Amino acid sequence: MGKLSVLIAGGGGTVELLLRDQTISGLVDQVIVIEREPRRRLALEKLGDILIIEGNASDTSIYENLNMGEIDAVLALTNRDEVNFLVLSIAYQYNVPIRIGVFRDPKIAEIARKLKLGIPIIKPAITAGIIKQVISSLTTPLVLTQLPLGEYKLYAVTISDDDLAVDNTIGDLHHEEDDAHPLLVHNGKELIPVDRDVKLAPGNIL
């Protein structure tokens, strides 16, 4: 996958930090942000080459007027769970490959995951760094360290919603055949030790 065309619903502080990150700048080709508050739009305009749409992310006509077929990633980052759920649903209908949403209510996040609407990230675990890592390691395995580890390297790999590993356990992966050894799993809230019985879900980072 080449550089990404990204649509972001919501223009809060997390979005600003994300777009200031040089790693993200190297991954994206086009950024479109939907934001209704003039103050936030002004702050984002100062970041440079970003297309900002004035409006409410829950307004479905906005998406009808965009070429959603050319969007590679949708980030639902408003401060309302129901809006983020709707945005992921719209992105799912348009078959957008990468769909990430932020939720305060773990129950709504779980529904989004079960419906395969996208990758839910649950506050307060969300940071711009987590989003950067998810995007980066969805497109290609991310090398985490240059420390001498003999013949081995340490990678972060994010499970996408259509990955064959979804709903399988660590033990089902048969990773030993590729000489790969999972160390930790980040489930969107916390790091958990690898166990053969840990079931993988979209958004899990190995």
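Predicted model: local features only at pLDDT ≥ 70, side-chain atom pairs only at ≥ 80, totals over all residues.

User: Into how many nonpolar, polar and charged residues does the lining of the largest cavity divide?
Analyst: The largest cavity holds about 40 Å³ of space. Its lining consists of V6, I8, L18, L19, I24, V28, V31, L75 and I135, and β1, α1 and β2 each supply at least two of the lining residues. Val, Leu and Ile count as nonpolar, so the division is 9 nonpolar, no polar and no charged.

User: Which residues touch the most other members of the largest nonpolar core?
Analyst: This core has 26 residues. Elements that give two or more residues to it include β1 (4-9), α1, β4 (73-76) and β5 (98-103). Another core, of 24 residues, lies apart from it, with A57, A76, I90 and L117 among its members. In the largest core, the residues with the most contacts to other members are I8, L19, L75 and I100.

User: Which element gives the most residues to the lining of the second largest pocket?
Analyst: The second largest pocket has a volume of about 420 Å³. Of its 24 lining residues, G10, E35, L77, T78 and N79 are the closest to the centre. The lining divides into 7 nonpolar, 9 polar and 8 charged residues. At least two residues each come from α1 (13-20), β2 (28-35) and α3 (38-45), and the element that gives the most, with 3 residues, is α1.

User: In β3, which residue is the bridge partner of I32?
Analyst: β2 and β3 (residues 51-54) pair in the parallel sense, over 4 bridges. Together with α3, these strands make a right-handed β-α-β unit. Within β3, the bridge partner of I32 is L51.

User: Is E110 buried, exposed or partly exposed?
Analyst: E110 is found in helix α6 (residues 106-114). Its relative accessible area is 31%. Buried means under 20% and exposed means over 50%, so E110 is partly exposed.

User: What is the C-alpha to C-alpha distance between E110 and I121?
Analyst: E110 and I121 are 11 residues apart in sequence. In space, from C-alpha to C-alpha, they are separated by 9.9 Å.

Technical notes
Residues numbered from 1 in each chain as written. Heavy atoms only, no water. 1 Å grid on protein atoms, 1.4 Å probe; cavity = no way out; pocket = protein on both sides within 12 Å on 5 of 7 lines; lining within 4 Å. Points joined across faces, edges and corners; volume = space filled by probe spheres on them. Pairing = 2+ DSSP bridges. Right-handed = clockwise from strand over helix to strand, strands pointing away. Core = buried A, V, L, I, M, F, W, Y, C linked by side-chain atoms within 4.5 Å. Buried < 20%, exposed > 50% of the residue type's maximum accessible area, 1.4 Å probe, protein only.
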